[in-house]
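Subject: Structure handover

Hello,

Here is the structure I said I would pass on.

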Amino acid sequence: MRKFNLLLASLTIGCSIIGQQLVSISSLATYSASIIQQSLSGTWNTSNMDINPVKSYKVTYNTTDAQGNPTVASGAVYIPNLTNCDYAPITAYDHGTEFIRNNVPSRNDYVGQGLYFSTTGYITVMPDYLGLGDHPGIHLYQHSETEATATLDLVRAVRQYLDTATNELKDNGQFFITGYSQGGHAAMATNKYIEDNSLQNEFDVIACAPMSGAFDQTGAQFDLIFDGDSSYYAPSFLPYVLGSYQEAYGNIYQNFTDIYDASHAASIEIFLNGGNKTFTQWNTMLGLNYYDFMVDTVLENMLADVNRDSHRINVALRANNLYDWVPQNPIKMLYCGSDSLVSPQNSINTLDTMLTLGATEVEALNLLQSGDHNSCFVPATTYTLTWFDSLAVKCLNYASVEAKENNDISLYPNPVRKVLTIKGVNLKENTITIYSSIGQIFNLKVKLSNKIEVSELPVGVYFLSIANNNGEVIQRLKFIKQ
């Protein structure tokens with residue numbers, strides 16, 4: 001088991017800046033190391049993996065719907081049992097397209113992904129998304145905002161559980177994001193939402209690996225689906241995404257017959273509302289030619305909107321594009337060159353646009369030129385875990401991060417912009433060390449009255465260690481630099 005001696009940002013991130021997210025948590029399963037080894041070895045190469053037991057839980061939690069109203073959703077968390085370890089990073093794994101409401105993490109689906117990312121030392125959170133699992137209504141498919149809020153509010157709920165739970169790992173502050181297919185879109189949406197809403201102090205994103213996602217819906221993915229031959233081997237995606245955007249925006253159609261042929265409209269409505277038909281059943285019902293189930297003029301008007309920015313459907317698609325922003329943390333988009341379900345151009349176009357806008361830590365990697373959407377999954381997840389492992393601080397124990405409790409020592413203001421004051425300790429008789437969330441040490445001078453100039457520190461979460469003249473740590477405190 002790897003050990004790290006960094007006196008880093010491994011104190012649990014507090015939840016005081018948000019509301020109560022956790023509603024309930026209940027056990028799903030317990031997996032021994034031997035069962036995990038057997039389960040994973042059929043899909044991944046586990047020869048170099050450090051396999052540890054894992055427990056999974058169903059989580060219900062407070063979040064918001066597409067209109068910002070309070071609602072309750074569900075998901076799962078996988079927590080490893082690590083010997084002599086008390087702190088671990090969190091990985092958010094966003095799952096792929098599901099047409100059946102109950103084929104989700106909270107119902108013991110996606111177990112392989114949960115175990116794969118957890119068994120080596122990650123607390124893995126897996127949202128069901130809105131409209132799946134416990135959440136009622138039509139699934140908000142490819143809707144970037146609720147994909148993000150469903151993910152982040154689940155992380156908040158899990159943190160609240162870990163803060164009070166006994167005999168469970170604590171969050172060390174590092175946050176990783178990944179997901180495949182729809183989950184690739186959701187992972188990218190989550191990273192973007194964090195930056196758009198200035199949540200970096202709460203979610204310290206170390207790395208994001210969106211895999212085979214449709215980031216460019218009005219460009220690369222649109223061109224793949226509407227390529228001139230009126231066919232696409234997954235036609236069910238079209239009514240699924242339109243049902244989602246009708247639920248979110250309310251202006252796609254008033255009646256199903258407004259956009260669907262009369263011979264299909266009733267079936268599409270039943271399938272959408274039911275949430276119990278498979279991908280194959282959807283495609284059998286629809287047929288491969290989307291002109292057979294959609295009103296011709298609707299498609300013709302969509303296609304006539306050459307800039308894809310005025311027709312109501314194109315406007316909704318454009319609102320959920322994720323290619324035109326500048327990430328501040330490392331992102332690697334992973335795809336395969338022969339994917340005919342989610343166009344490889346999604347990742348290529350996104351990379352080109354981000355670089356043009358000034359991004360510096362973004363890559364798009366073609367992992368297997370001959371790989372399709374199914375065969376790309378294993379190399380993509382394998383690469384992701386290896387990359388995350390190269391950045392993660394795992395398996396910290398209390399002895400390396402905890403100090404004697406001293407409630408008389410405090411920091412203010414917190415958050416801080418310029419000058420941080422330490423109250424309750426004489427720094428002439430003690431020394432301080434400041435660490436970033438990845439263990440980088442900053443040597444800052446203490447002024448009179450225990451004041452420290454921190455204006456030159458980058459924005460982020462930091463940890464201050466106070467030691468006496470004997471080198472004994474007497475307190476560690478967290479502060480946020482704005």
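This is a predicted model: local features need pLDDT of at least 70, side-chain atom pairs count only at pLDDT 80 or more; totals for chains, interfaces and linings use all residues.

Overall shape

The protein has 13 helices and 17 strands. Its radius of gyration is 24 Å, close to the 23 Å that the globule rule gives for 482 residues, so the protein is as compact as a globular protein of that length. The C-alpha trace spans about 80 × 50 × 40 Å along its principal axes.

Of the 482 residues, 59% are buried. Among contacts with a separation of 6 or more, 77% are between residues 24 or more positions apart.

Surface and charge

Cores

Which residues have the most contacts inside the largest nonpolar core? They are Ile123 and Phe175, in a core of 50 residues. Helix H3, residues 144–164, gives the most to this core, with eight residues.

Backbone details

Most residues other than glycine have a negative phi, and most peptide bonds are trans.

- Tyr412 and Pro413 are joined by a cis peptide bond, with omega at about -10°. Pro413 sits in the loop between strand E10 (410–412) and strand E11 (419–423).
- Ser212 has a positive phi, near 50°. This serine is in the loop between strand E7 (204–211) and helix H5 (220–225). Ser212 has a relative accessibility of 2%, so it counts as buried, the cut-off being under 20%.
- Ser230 also has a positive phi, near 65°. Ser230 is located in the loop between H5 and helix H6 (237–249). With a relative accessible area of 16%, Ser230 is buried by the cut-off of under 20%.

To recap the backbone part: the cis bond is the one between Tyr412 and Pro413, while Ser212 and Ser230 have positive phi values.

Regards

Conventions: Residues are numbered from 1 along each chain as its sequence is written. Side-chain values use heavy atoms; hydrogens and water are left out. Helices (H or I, at least four residues) and strands (E, at least two) are DSSP runs, numbered from the N terminus. The radius of gyration is taken over C-alpha atoms; the globule rule is 2.2 Å times the number of residues to the power 0.38. Buried means under 20% relative accessible area, exposed over 50%, partly exposed in between (1.4 Å probe, protein chains only). Contact means heavy atoms within 4.5 Å. A nonpolar core is a set of buried Ala, Val, Leu, Ile, Met, Phe, Trp, Tyr and Cys residues joined through side-chain atoms within 4.5 Å.
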